[in-house]
Amino acid sequence: MDDASAGISVAQYARRPGRAARASRKQAAILGALVLAVLLPAFISLGLWQWRKAESKTALQVELDTRSHDAAIAMPTTLADVDSLRHHRVILRGTYDAAHQVLIDNRLHQEQAGYHVITPLQLAGSNMHVLVNRGWLAAPADHQQQPIAEVPTGEVELTGIAVLPTQRFFNLAPQPTSGWAPVWQNLDIERFRSAVPYPLQGLIIQLDPTAPGGYVREWPRPDERADRHRSYALQWFGFAVSSLGIWAYFLIRRP
């Protein structure tokens, strides 16, 4: 049976696939544009988020490098403006409060598990206290046991870098709301304030490596993993460009 006998001319038969292809391409272009309308903002937003994290960490590192080399500032005995003291080297004199020392669990040093030793120091001539991070202490083989962190007695004079406590952390289990626990999952300064009977500065002193009475003190850099954030950002931007390119290719290619 020929085309004419089937009620359709050869010319008409030849034009049908063209119209169908154009309709199909139009539908694909519209569908692709809708998908891109969702994906492109998401990819760009995630890339910018990673890029800003890297820039924020880099800015903190620059601030630390600049301020920590200034002359040491005497630690105020009244409630301090934490932002003005951040990353400055401070000098402080006082007496440790051994009864309220805490160990911050799950801190790593050279792939080894351990604790950060946090001890409040009563500033000389006042009732104001400040938390001193005395460094990293290895965990015993039996994690049910706690390491012994001796506390220097009598008045001491120290130097260290003032840092702000992190505001975002995750506890693996509910934390006690009453009583005193010698091991904490995270350093929550507001929890500390509610548990001690004295005023407490809103920052932490990272004890200088040369100061006495400390443990391992290789403090992490603020810009740690900044390059990784930039790498993630470039990946997200790459996804955005690739998606746009794939859509454009299918839009302009001939059927």
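1. How much space lies in the largest pocket? About 1900 Å³. A pocket here is an open set of points on a 1 Å grid over the protein atoms alone, where a 1.4 Å probe fits, with protein on both sides within 12 Å along at least five of seven lines. Its volume is the space filled by probe spheres set on the points, which are joined across faces, edges and corners.

2. This is a predicted model, in which local features need pLDDT of at least 70 and side-chain atom pairs count only at pLDDT 80 or more, while totals for chains, interfaces and linings use all residues. Residues are numbered from 1 along each chain as its sequence is written, and side-chain values use heavy atoms, with hydrogens and water left out.

3. The largest pocket has 45 lining residues (those with an atom within 4 Å of a point). Nearest its centre lie L164, T166, Q206, P220 and R221. Two or more lining residues come from each of α1 (10-67), β3 (102-109), β4 (112-123), β5 (129-138), β6 (155-163) and β8 (200-207). Helices (H or I, at least four residues) and strands (E, at least two) are DSSP runs, numbered from the N terminus. With eight residues, α1 gives the most.

4. The second largest pocket has a volume of about 190 Å³. Its lining includes S24, R25, I246 and W247. Both α1 and α4 (226-252) supply at least two of its lining residues, and α1 has the largest share, five residues.

5. By class, 20 nonpolar, 13 polar and 12 charged residues line the largest pocket. For the second largest pocket, the lining divides into six nonpolar, two polar and two charged residues. Ala, Val, Leu, Ile, Met, Phe, Trp, Tyr, Cys and Pro count as nonpolar, Asp, Glu, Lys and Arg as charged, and the others, Gly among them, as polar.
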